[in-house]
Amino acid sequence: MKKKVYSSLDEAVAVVPDGARIMFGGFGGAGFPNNLIQALVRKGVKNITAISNNCGTRDGELGLMFKNNQIKHVIASFPGPHANHFQERFAAKEVTLDLVPQGILCERMRAAAAGLQGFYTTVGVGTEVAEGKEERVLEGKRCILEMPIHADFAFIKAHKADGLGNLTYRLAARNFNPIMAMAAKTTIAEVEELVPVGSIEPEQVMTPAIFVHRIVQAKGLHYAG
Amino acid sequence: MPAETVQEKALLEKPRLTREQIAQLAALELPDGAYVNLGWGIPNLIANYLPKEITVYFHSENGILGMGRRARPGEEDYDLVDAMKVPVTLIPGASFFNQADAHLMTRGGHLDVAVLGGFQVSEKGDLANWKIPGAKGSGGIGGAMDISAGAKKLIVCMEHITKDGAPKIVKNCTYPLTCLECVNTVVTDLAVVDVTPEGLVLREIAPGWTPDEVQRLTGAPLKTKGRVPEIHLP
């Protein structure tokens, strides 16, 4: 059977090339794959397209990747009040931004995961978000067409993994992680605990192993707001 | 100085409700047992003013239903935070879910009430609350567009006028829009205003103010139904 567990963070991210499209889980300081992000900083990959709710908290989360100019394009919902490295690159036009309403960001990733070629929604009708998008009336409501967001990799943070890649999440650290795990071609998970196969009750599995390809254990890191 | 200008200046100096009082007033709009999302700014203060006899299930867009008070020092768990990154607690019967399900709840009409902050609300109930024209930086949308598109009832809490004295309730929004025709009620430091098919209705008014004075600080016509009662805070 294919081995999924890697013994180091650097090995786990070795497969990521320059120019990759990567989804990064996490919200509000919880559930960020901070150890994997630091491994990408060490690897020095360039021209990354990042798909993430926000754009870092000072040097934390995606902050260092913007500081090192590793990211060229972002699809995000809320860059955030402490995303200073992102804002500097954005002001200097070294990074481009596609702002997406948060729930629509989730659904566009889910569409990619589910093999759906887009969907119509009332969210964003009549706003800047609707610019350039097909509009039609469905069930009497003005709607715009939203397309799937695909990615080469999902970088996610989970609480427990077994060797097959079944995952659980702690509290509100779940957020975007299970969605991204389903949407990307290759999912790399950093987890607090590795447990034997069979020790996570099947009914407690939150992300089934089929969605997870590379696993590495690391003590979780949090950055204060 | 022309008499009219002197009069307007005096109007701007009259006492208005505080941000805390706006939150206290908005808390009275929440029914017992409701599922409620609170946005940034004034709405975030509402949880402090819930009447003791009612239970409200607060929804957080990062995947929590049944969010309780903020965590006390020593009690913080940084895997349990609200949408503003603040460590919180849970009430009995709380649940966690992923971010897509959290917004399925907002967009799909499952929340009873959402309360958001606002820069402008139009007479048709259009909301502008995510970007100030000319502001530096990228701006950010977050959950505001999903929440305003889907809540069964949307309340906006904001000051009645800007720091420069410009009305924030307007005929048409000039700031970038969040959602068309979504606001049901506006709670400000001067009034409670309902958005109805017949236009804006002045439901309640701050103590010491007259409907005419509030109208002069409002950018769209306010209808009244008989005598407008004064706001009474418990």
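A crossing of two helices is left-handed if the near helix is turned anticlockwise from the far one by less than a right angle, and right-handed if clockwise. The model is predicted: local features need pLDDT of at least 70, side-chain atom pairs count only at pLDDT 80 or more, and totals for chains, interfaces and linings use all residues. Residues are numbered from 1 along each chain as its sequence is written, and chains are lettered from A in the order in which they are written.

**View 1. Packing of α5(A) against α3(B).** The crossing of these helices, α5(A) and α3(B), is left-handed. Helix α5 (residues 102-114) of chain A packs against α3(B) at an angle of about 125°, the axes being 9 Å apart; axes are lines fitted to C-alpha atoms over the stretch in contact, and angles run from 0 to 180 degrees between N-to-C directions. Q102(A), G103(A), C106(A), E107(A) and R110(A) meet Q99(B), A100(B), H103(B), T106(B) and R107(B).

**View 2. The contact between chains A and B.** Chain B contributes 31 residues and chain A 38 residues, two residues being in contact if their C-beta atoms, placed from the backbone, lie within 7 Å. On the side of chain B that touches chain A, α3 (99-107) and α4 (144-150) of chain B each supply at least two residues. The largest share of that side, five residues, comes from α3(B).

**View 3. Surroundings of A183(A).** Not counting residues up to four places away in sequence, A183(A) touches M23(A), M109(A), R110(A), A112(A), A113(A), A151(A) and A154(A).

Definitions and conventions:
Helix = DSSP H or I, 4+ residues; strand = E, 2+ residues; numbered from the N terminus.
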